[in-house]
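Subject: Structure handover

Hi,

Here is the structure I promised to pass on. Have a look at it first, and then read my notes below.

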Amino acid sequence: MTLWFIRGLRRGVVTTRYPARPDASAGFLPSPPAFRPRALTQTTAARLAATCPSGALRLDGDVLVFDVGRCTACGRCAAAAPDAVTSSGAFELAASSRSVLIKQIPLRGEAP
Ligand code: SF4
């Protein structure tokens with residue numbers, strides 16, 4: 001700790017320039033999922049809801065409800081259905097209203 005303090009005094013600012021400039025490490029951070037609606041069937045959505053440990057995903061009729069505020073970006077949903085879920089790459093998720101963090105994703109019917 002002392003070493004870093006002395007190093008900071010010698011070199012000046014030693015933190016990144018974020019948020020004034022994008023941080024290169026952002027590309028490696030875990031982020032909440034993004035969904036491919038065309039690949040989301042009722043069966044897949046039910047599996048995703050059962051997989052999610054934080055309750056961020058739930059089925060409501062023919063809609064998959066995604067509460068981004070509950071998501072821990074664990075990646076289990078993407079691992080369970082890689083054809084329907086991918087990483088969003090978005091980690092700046094501050095919002096002034098809780099309701100804007102809740103997404104409703106319509107499900108398509110089962111494949112014939
Ligand atoms: S990343 Fe994890 S917490 Fe977030 S929706 Fe997927 S399973 Fe749930």
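**What I found**

Not counting residues up to four places away in sequence, Ala49 touches Leu57, Arg58 and Leu59, where contact means heavy atoms within 4.5 Å. Ala49 is in helix 2; helices (H or I, at least four residues) and strands (E, at least two) are DSSP runs, numbered from the N terminus. With a relative accessible area of 22%, Ala49 is partly exposed. For that wording, buried means under 20% relative accessible area, exposed over 50%, and partly exposed in between (1.4 Å probe, protein chains only). There is also a pairing across the sequence here: the C-alpha atoms of Ala49 and Cys77 are separated by 8.2 Å, with the two residues 28 apart along the chain.

Before going on, a word on where this comes from. It is a predicted model, in which local features need pLDDT of at least 70 and side-chain atom pairs count only at pLDDT 80 or more, while totals for chains, interfaces and linings use all residues. Residues are numbered from 1 along each chain as its sequence is written, and side-chain values use heavy atoms, with hydrogens and water left out.

Now the overall picture. The protein has 3 helices and 5 strands, and from the N terminus on they run α-β-α-β-β-α-β-β. Its radius of gyration is 19 Å, well over the 13 Å that the globule rule gives for 112 residues, so the protein is more spread out than a compact globule. (That radius is taken over C-alpha atoms, and the rule is 2.2 Å times the number of residues to the power 0.38.) The C-alpha trace spans about 65 × 30 × 25 Å along its principal axes. Of the 112 residues, 26% are buried. If you look at contacts with a separation of 6 or more, 73% of them are between residues 24 or more positions apart. The accessible surface comes to about 7800 Å², and 58% of it belongs to carbon and sulfur atoms; areas come from the Shrake-Rupley method with a 1.4 Å probe, and for residues only the protein chains shown count as cover.

Back to helix 2 (residues 42–51), which also holds Thr44. Thr44 counts as buried, at 8% relative accessibility. Leaving aside neighbours within four places in sequence, Thr44 is in contact with Ala39, Ala81 and Ala84.

How many salt bridges are there? The count is 1, taking a salt bridge as a side-chain nitrogen of Lys or Arg within 4 Å of a carboxyl oxygen of Asp or Glu. Here the side chains of Arg98 and Asp67 meet (2.8 Å, N to O). The pair links distant parts of the chain, 31 residues apart: Arg98 sits in the loop between strand 4 (85–87) and strand 5 (102–106), and Asp67 in strand 3 (residues 63–67). Arg98 is partly exposed at 44%, whereas Asp67 is buried at 10%.

As for the cysteines, the structure holds 0 disulfides, meaning pairs of cysteine sulfur atoms within 2.5 Å. Cys74 is partly exposed, with a relative accessible area of 43%, while Cys77 counts as buried at 10%.

Last, do turn to helix 1 (residues 2–11), where you will find Phe5. Phe5 is exposed, at 55% relative accessibility. Together with Ile6 and Leu9, Phe5 makes a nonpolar surface patch of about 330 Å². Patches are made of residues with over 30% relative accessible area and no salt bridge: like charges are joined within 9 Å, nonpolar side chains (Val, Leu, Ile, Met, Phe, Trp, Tyr) within 5 Å.

Cheers
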